[in-house]
Structures are given as structure tokens and as C-alpha cells.
Amino acid sequence: MVSSSMVETVSDLVMEIPCRAPQIKLLASLLGEDECPLPSSIFMYGHSGTGKTLVTTAVLERLGVLTSHVNCIEFYNSRVMYETILNQLSGTVPTSNNNYSSYASCDNLGDFVGHIRNIGSKTKQRMAIVLEHSERLRDCDANILPVLCRLQELTRDVNIVVIFLSTLPIDKFRAATGFLEPIVIHFPQYSEEFYKNYINLVLSVFYLATKGFPELQHQVQLNFKAYCEPVEKGDAEEYDIRRLWRNIEPHLKKAMSSVYLREVSSAQYERMQQLTETAPQDVALVKAGLTSKMELPFYSKFLLIAAYLASYNPARTDKRYFMKHHGKQRNTKAKIKAKERSSSQLVGPKPFPLDRLLAIFYSIVDDKVTPTANVFSQISTLVTLRLVTQVGGDDQLDAPKYKCAVPLDFIRSVARMVSFDIVRYLYDYS
Amino acid sequence: LSGNWRELLTTTTADSLPLVMAATVSVSKDLQDSIHAKVFQDLVEFIRDAGMRSNIMIDGIKSKEGQSDIPTACLVTGVNMPDHDAIFGSLVRLLVDGVTPHIAKLQSRDCNTVRGAIFKMISQLMGQNGFVDPEFEDEIITGPSIKRAQFTMAVLTSWYKEIISAEDTRESTSKSHGSPRKRAGCSHKDMGSPYKPVGSPYKPVGSPRKTMGSPRKPMGSPRMPKGSPRKPMGFQSRDMKSVKDFGSPEKRMRLNDEPRLPRGGYHPPLVVILEDVENFPANVLHDLILICSEHRCNLPIVFVFGVATTSNAVHRSLSQDASACVAMETFQAQPSTHYLNHVIEKVLMTEKVPFHIGGRPFKLLLDIFLYSDLSVKNFVKGLKLCMMEHFLGNSSTFLCCSAPERALRIRAMTPAQLDIIRKLPSFRSYVENRPPKEQAVLLLDEKVTKSTVRTLMTELDSWYLRFCCLVKVVSALTSSLPHSPLGRQIREVLATCLSRPLVESEEFKEAQKMLKLMAREELLPILANILEILKEQSGQDEELSELYNELAIMLGRLNSLDQLDQVIKDSPADEAQLSFQSSDRFHLKEKLLEMAKKKSKKPNAYESLRSELLQVLVNTFEQHLQLLNKQPLHEVLFFDSSSVVKRHLVGMPRAALTTALSNPHHYLQVGTPANTASRLKLSYGIKENFSGRLRSKIQCSLGEYRYKSETVNSTPAELKAQDFQ
């Protein structure tokens, strides 16, 4: 039986949240009205930014269910989770009056279930626990997930539902014991028809790069002003899509380069746009300055170069590159073939021991370097800057091993700064 | 100074050393603030704006834009790790003064787990160990006493709500009292702190430990009684409503018109500073950002990332969904080389600090800076070490102080001190160059010696001033040359000039060659620049003002060359000679060569003027840019021995290893002879019995031991170094 008020609520929501009608209807019918018994657990999944949270909170609010909405990322231990949920359900707000204490101290599942039962018997209301990012629950204690799935069963007479929100499908959650299959609702990607002209354009540009709704929203807002410009000036009709596209295209292209990074907040982005209009060269400089300027101490540069060489050259070729009298190199067929087979630029950096790094370092620095503690400490600085990474565990018998973590372009610019011809030393290129 | 060392210092040295050091430190600190002033100003502005924006959001109007974006300032600080602490220290000071008292400064070493990071963040934000001005030390915002387990975001949220509602009630009551808060809020852009003058609005109202009558409260803005500190109901309902009609254009308009003072006053943002983002474990950073963005609708959190490399590094270590949550704006701090140049100019090239540094230690310090760490902090530390060595190792340094003080000290010199001065090598050679009559007097008569010392010291001072000024002149002259043989920076020229006489150096000769070929258009701005430099100093020094006048005249002549040039150009109308009769190529060549020679023989007016100018400059350089050890009494003011400081500044594990093995006594100074002998035996035993890898491991640990013992507290000088830091 579906009452008329229920139908009204649902149709309201469908109007308010476009493109999610089936999900809203399904969820509403599952939850039912006033005194209906709730399902024990519901599982909703879909890509991020597909409206899971929005739909859930809106439906729960309209139906008047007492809701505890929590984000599982926050729970670095299970105690925090229990206490937060209990606080929200019981309406306890930690304030200075109660010295920021919570509803009850609770650090195991047994207590948790008991407290829930208490609250339920007091409030007599339907309750829901919404767990966002619930994929994180898999990393917690093994029994949490099954217990949450069966929370209604365990608390007996409490009318409670646990709603899991996740970006992963249910298959990734199934546990070995005691897992009760929840009701699954899938949120598919928004389809493109939803967007009209402008949105359509922006979408076609950015859709390849990102599908997250907040991201797209950001871009849409960012460029809307530029899009409207010709209409305001009277250059173009509102429906003249082609002309508008021509106007917006360069803007979008520029934005595309930073869509992943969100490097520019909207304010800075607009400022940069203005600068472009006044002096194009300046902006290029500013941009270069923002992204690629990095000043390293002199020896650090050489250490980095040495690390790069050690990562990308096979150890057996060191003799050829770094010794004065290395004998004559003969190009046999086998060697050429071996070289063709292994392009280390494709394979990625290989680990190397500290000794080799230092040996290469001392041989590529022009003037004589005394092996001081400063040189060694620079290696650790490079590691903290993530330009070089340490590989292997703690148990290292011979010496620590490292890997170089910078790309070729970067190392080339570093080498250019110290006027060192790195390509000549690279096995792949010589 | 610690007790031990006060005894060891002679009284006269004792008060000048701390003075000199304090001067150095204060100068470098001021410089630090002024150099980063621009970027700090931008940052503070950014954080304030971000706070505003989030206020609007929290106050109810949920603008669509950036619901979960955390405004993030990415401060690119450069790879000079040791300096970062100081940079962020001054940033925090600025923020506390002008923007918000709620600041958490996280370092990666405290944040290995999400739990630890959250705990640190929340406890600092809630004022458990907050940053408070020392002035109000007794009023430290201690915040409520909470158990460690209770530090959750929910607690933080409700704590913040209490604070702002407490402020709101205060606001509404104080408005009728002439509203000191509002005025402060309006003018917070130019005047420092909108918070200080109105007392401590941040103390949680109901906190049981707080006394009601705060002495800092300037006017009787009555606080709400304990029972009802908040008015959450109105707040929440407003929130609810505005979700539904967030489109309401009027509301937005109003807020846009008056962005500085949104309704309900300005609530300070919560600033979270991550000092070394690269060093944070990726998962911790990721979770931290997601958690904060989740609570963004209740808490105006602003991140400040300290990035050593480039802002790309942040994104590289974050996943897509986390980096989508931060709206980043990049701020570039000044590179530390820039800072160093200022330090050198303000500390080393001035008469305000009586201590000066010689060529070799200066080169050493520069090398450590450029080759190893780019850290100004370490540079200043090295400089301090030089000062200590200078003042402690050299008994004649009692005269190394400011000029008026020195006059007093010279007058009060004891015979023993006079002897010290007389024994200085530079003074001796000075005496030897005097006529024999004077020699005896100088060595025997106390009065004459004293007056001579006085004049010599004044001369030395003015010589050094002239020296520094000329160094700047040389730098201005040569920095724009191709390949810049003398270096582009003043510090490089200074290093060259301090270590050898400039005119004789190879680099200068090369530069001179290029200067001789310089075009007039290039030379004119350089000359103007030089005149500018000389003008600053010319008032104090006669020789420099002479040089200034001479150069000014030359500049005038150079400017008036235009008319002259045309006159000269007219005369060589040798075109007629170019009528080549013979078609022989050999003859033609010969002829052309001849013509070329002829041409070069008579330089035009500009060329002669240029060489004249260069000659004047070179003569001046030759006269004044001499080595400092030619100056009498240079030992008093100059520290010129790099080997002593080098031992402390540059650790050399391998050399230490050899020393440790050949002479363990050198490091194991403590213990009875028997003890030492047994250790000696032990180390030889190690050498004999173990082989290969194991042995080298043991040697390494021995080297480490030495390194530690040397850096911690083996020599007196180092003990002192620690005292002064």
C-alpha cells in the first residue's frame, strides 16, 4: 500500500533530483512509510559523483527517519566509529558543558549493539545508519561488516537500517562468514543528454579527462563567464552554437591542461586569464615559474644525475661510460639485439646500491670532491623530497638501495643547468 | 652563556662576542621577515579571503561552488630544509596577529598515522598547545581539558560552533556599546589584530576552568551566562531553509556588496599548516584531506602546504579524488640565494658589525651553502662559529667592537694587552717599515703606541668600507659581461677580492679584455649604476668622492660625445683610396690588411674615453682592493683561518675513520690510560679478527661514534656554539 503523501514526496524528489527517478522510487519503496519495518541493510554503489549521497539523505529526510550519517575514512579505529554513531543517534552533542564526552564509552561491537538497543527502546523511532566510503570498513576488524549487515537481527526489536555507500560493487565486499546479502541499488553514470548546449560543449572536452561530478561542475562554473561574453556583447545569438563554440574553445583548451590538477583555484585562474589579455609573454613566464622552477644545491644536482644514470644504465656498462681506459667497444650482433630488447626508458628505473651511486657521482663531478658528511646528508634530503626513493626493507645486508624517481625531461633540465651532457651517458640513447 | 664559559672568557671579550652575535642574529631575522614580506602578505590575504568565503557558506548560503573544496595555499619554499622552521614560524606569528588564533602546524615526523595526524591537528586547533603571543603568556588559551581519545572531528565541530556563537552573542551585545569589535573587524586589513584588543573571545564560554572576569577584556561586553552560551536553534533552522532556497539572489547581492563584514561577524578560519608535504605518508595526507573536506560545511578549514620542490609534487602523491578536494593556489617564496645576498650585504659588508671575515672561511661557508644545502640558517650558524673561534682563539680581539667603545678600550689598555698588540705580525711589519727613530718609540712608549693603534684602527675601518663599496662597483661593472668571469653576484666578487688582489687575478684580466670592447649603449647604464653606488658612500669617504667626481665628469663627456662623433666621422673620407687598380687577389689582401692597421691606429673619441675610464677604475682597484693581510692590525677585526672551522662544519667520515683507527686516543679522550689501552687493543682486535663485510660495518659504527661525539660536545668551541643557538 502506497499512500498519496508518499507518492507526492517521491514525485517532489524526482523533480528536484533529475535523472535519478528509478533509484529514488526504489529506495523510497524499500524504506516505506511511518511504521513500516525497514530492510536490514541496503547497499548502494556507483561512480563518485553520481548522486548516491544526495538521494539517500534527501529520501531519509523526507521520510523522517532518524539518521546517522558518517564517513568511514574518519575512523582510524573502531571506537571512534561506534561513539560517533551513538552520539548522532542519541542526539548527544559533545560540548564544553559535558566536557566533550560522548553518549557512552564504547569500544567493542557487543557494547555497540547493546547501546543501539537502548536508544531504540527509548526513541521508538525508525533509525538509519548511512556509511559513506564503506569500502574502508573492509580494512577494519573482520566482524564489523557482517554485524552491520545483520544489525537489525541482532538488536531484535529495533527498526534500524544500515545503508552502505560505496564506489565498489558488492562483489568486493563479500566476507567468508556471516555475511548477509544486502539489497543492492546501482547508480549508473549520468548520461550526456542531461546537459544542454554549453554543458554539452564543456562536457565533450572534459569528459575524457574526468568523470567526477564535482570536478565537472567546477569547470562548468569556471568557464561560463567566458561563454556568455559574446552574447552580452551582442556579437552572437544565444542559439548560435557554432560561434559560441569558437569563442569558448581556446578557454577550454587552456583549462584542460590543468583539469586533473586543480592547480589553479578559480580566483587565480581568472587573474591569469586577465594577465593573458594584457601580456601573453608574462603569463608564460609566470606559468613556468609556478610549475617547473626548482633550485637544488650544486652537488645535489649531480647526485640526482648520478642516481638517474645508475637507475637507467645497466651496471655492466658503467666501465664504458665512467672509466678513462675502458678498452674498445665492439658492436656484435648479439649486443645490438640485446639493446633493442631492453629499452630501460620503457621498463622504468632499476634499483642500485649506494656505492654505485657515489662512484658515478665522484666520476661525473668535474672538480675533486672530498667525501664529506654533507654529501651523504644530501642523499637523504633527496629521498625526503621524493626525487629518489629508497627500496627494499630494513634488513639490508650490503648497503641501502635506491631508485631514481624523476622523469627524463626533469633530469635533462637539471643537467642543462650544470652543463652536463646527460644524453651522451645514457645507454638507451648512445 | 652557560656558567662554565663565562669564566673562561676574559671580561672584555665576553661582552663584545654576544653583542656581535646578537647583532648578526637580529639582522638576519629582520631580513627573513622583510624578504618574505611580499609572499606572506599574499598568503595572509588569501587565508583571510578563504575564511570569508567559508563564513558565507557556513552562515547559511550554500553556494554551489566549492562545497567540498578546501582552499589551499601551496607555499613553495625551496629545498633548503633547515630554514623552513623559521619561515613557518614567522608565518604563524603573522597569522596569529592578523587573521586567526586557530592554527595547527603539522610536521611529518608527528604524523605517521592518520590517528596521530588528526590528534595533533585537533589538539593544536583547540588550543591545547596553541600559538599565543608571549605578551599574553599568562592568558594562554588552554582550551578544555580533554582526553586523548576524545579528539574527533565531531568534537572539533561542536567546539567551533560554540566559539562562533559565543562571539555572535558578544557581537550583538557589544554593538550597543559602541562596538569595538566591529571597528576592529573593519580595519583589520591595515591594523594588525582584530582579536587582541577585544580580549579573548575564543575561550570556550562554558569551560569550567575559566574565570569570568578576564583582565584583558577592555570594556564591559557582558558575556552570556554559563547556562546558555549558544543559540544553535536559529542557526540550524536558517541553514535548513537556505538549502532549499539557496538561489535567493538578494541575499547573495548583499553579501557581495559587503564581503568584508558578513552577517554575524567574521569567524576566524582554522588554518592547518603542513610543513613538509612531500614527507607525509601518502595515505595519511589523502585521508586527512578527505576528512577535512567532509567537514568543510561546518568548519572553515584552510590548508597551507609547505612544498620544497614544486606544486606538482602534491598532486603526484595524491589520488584523483583527494586532489579534487583541494583548490590550490601557489605562492612562490623568495629563493634562499636572494636571502643570502642580503645577509652578506647587511652583516659582512657593513661597519655596523665590527667582526669581518677573511677570504678562506668566507669561501668555505659559501661552498657549503651553494654545494650542499642552500640553507641560510646553516650559513649564519657557520658565521657564528667563525665569530666564536675569532673571539676565543685570538687574544687581540678585545678591540673588536664598535668605534666609540673601542676608543674607551684603547685608552684603558693594560701593558699586557699592549704587548699582545705589539706582537701581532701585521703590527710588527708595520713597525719595521717605519723609520728607525719611530720604531723604538712605537715599541716602547705606551702613549704613542696607543695613538697609533687608534689611528690604524680607524684607517682599517674606513679601508674596509671603501673595499666593500669598490667590490660593489666591480660587481656592477662586470656582472653583465658574457660568461661573467667574475660571477654575477656580489658575493662571488667579494670572495675573489678577499682571497687575492683583484687586478692581478686571471678573472679580472679576462673581464678587462671584454670591457675594452664594450659598446657605448652598454657602458652608459653601467656607469650610471656605479655612480649610484658611489653616491651612497661618497659622503663618508674622501677618496670615493674623488672617484665619484671623476666618473661623473666622464659620464658627462660620454653623453656629449654625440656631437663630437659626427665631426670625427666626417674626416676619414678614405673611400677614394678604395679604387683598386690591380685585380690580383694577393695585392688586394695586402692592401686591406694595411688599411685595417691604419684604422686601428687612431681610435675614435669614444674609444679613447673608454680606455681612459677603464684606466681610472683599474688604478683605483689596484690601490684599494688589496689583500687584507697587507693592512696593519687586520688580525683584530678579520677572521681568516678556515681550517679550524672546517673541522667543525664539514664532517668527513672517512678521514675520521682513519684517525680513529690510527689514533683512537684522539676521540676517546675520557677514561684512564688502562681503559684507553684496552680499547686500543679492542680496535686492533677487530682489525685482526674480522674480515670483509663485518669488519667494515664495525668500522662504520666506529666512525659514527666519532661523528656523534664530535658533533655533540667534545670541544669547548662547540659547547659554546650550542649555547648561542
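## Stop one: a helix pair in chain A

Select residues 298-312 and 354-364 of chain A: these are helices α13 and α17, which pack at an angle of about 120° with their axes 9 Å apart. Helices here are DSSP runs of H or I with at least four residues, strands are runs of E with at least two, and both are numbered from the N terminus. Axes are lines fitted to C-alpha atoms, for helices over the stretch in contact, and angles run from 0 to 180 degrees between N-to-C directions.

This is a predicted model, in which local features need pLDDT of at least 70 and side-chain atom pairs count only at pLDDT 80 or more, while totals for chains, interfaces and linings use all residues. Residues are numbered from 1 along each chain as its sequence is written, chains are lettered from A and ligands numbered from 1 in the order in which they are written, and side-chain values use heavy atoms, with hydrogens and water left out.

How do the two helices lie to each other? α13(A) and α17(A) are oblique, because angles under 35 degrees count as roughly parallel, over 145 as roughly antiparallel, 65 to 115 as roughly perpendicular and the rest as oblique.

Now show side chains. On the α13(A) side, look for residues including Y299(A), F302(A) and L309(A); they belong to a group that meets R356(A), L357(A), I360(A), F361(A) and I364(A) in α17(A). Contact means heavy atoms within 4.5 Å. By class, this contact has 12 nonpolar, no polar and 1 charged residues. Nonpolar covers Ala, Val, Leu, Ile, Met, Phe, Trp, Tyr, Cys and Pro; charged covers Asp, Glu, Lys and Arg; the others, Gly among them, are polar.

## Stop two: the sheet in chain A

Next, select the 5 strands that form an open, parallel sheet in the order β2-β3-β4-β1-β5 of chain A. Two strands pair if DSSP finds at least two bridges between them. At the edges are β2 (66-71) and β5 (183-187), each pairing on one side only. From one strand to the next, the twist averages 15°.

Zoom in on β1 (residues 41-46), which 5 bridges join to β5(A). Pick I42(A) there, and you will find its bridge partner, I183(A), in β5(A).

Zoom out to all of chain A, and you have 19 helices and 8 strands. Of its 430 residues, 45% count as buried, that is, under 20% relative accessible area; exposed is over 50% and partly exposed lies in between (1.4 Å probe, protein chains only).

## Stop three: chain B

Switch to chain B, with 33 helices and 7 strands. Buried residues make up 50% of its 725 residues.

Select helices α5 (residues 114-125) and α10 (residues 282-294) of chain B, whose axes come within 9 Å and cross at roughly 50°. That makes α5(B) oblique to α10(B), and the crossing is right-handed. Among the residues that meet here are M121(B) in α5(B) and D287(B) in α10(B). The contact divides into 8 nonpolar, no polar and 1 charged residues.

Finish at G98(B), in helix α4 (residues 84-98) of chain B. Is G98(B) buried or exposed? It is buried, with a relative accessible area of 8%.

Conventions. Left-handed = near helix turned anticlockwise from the far one by under 90°.
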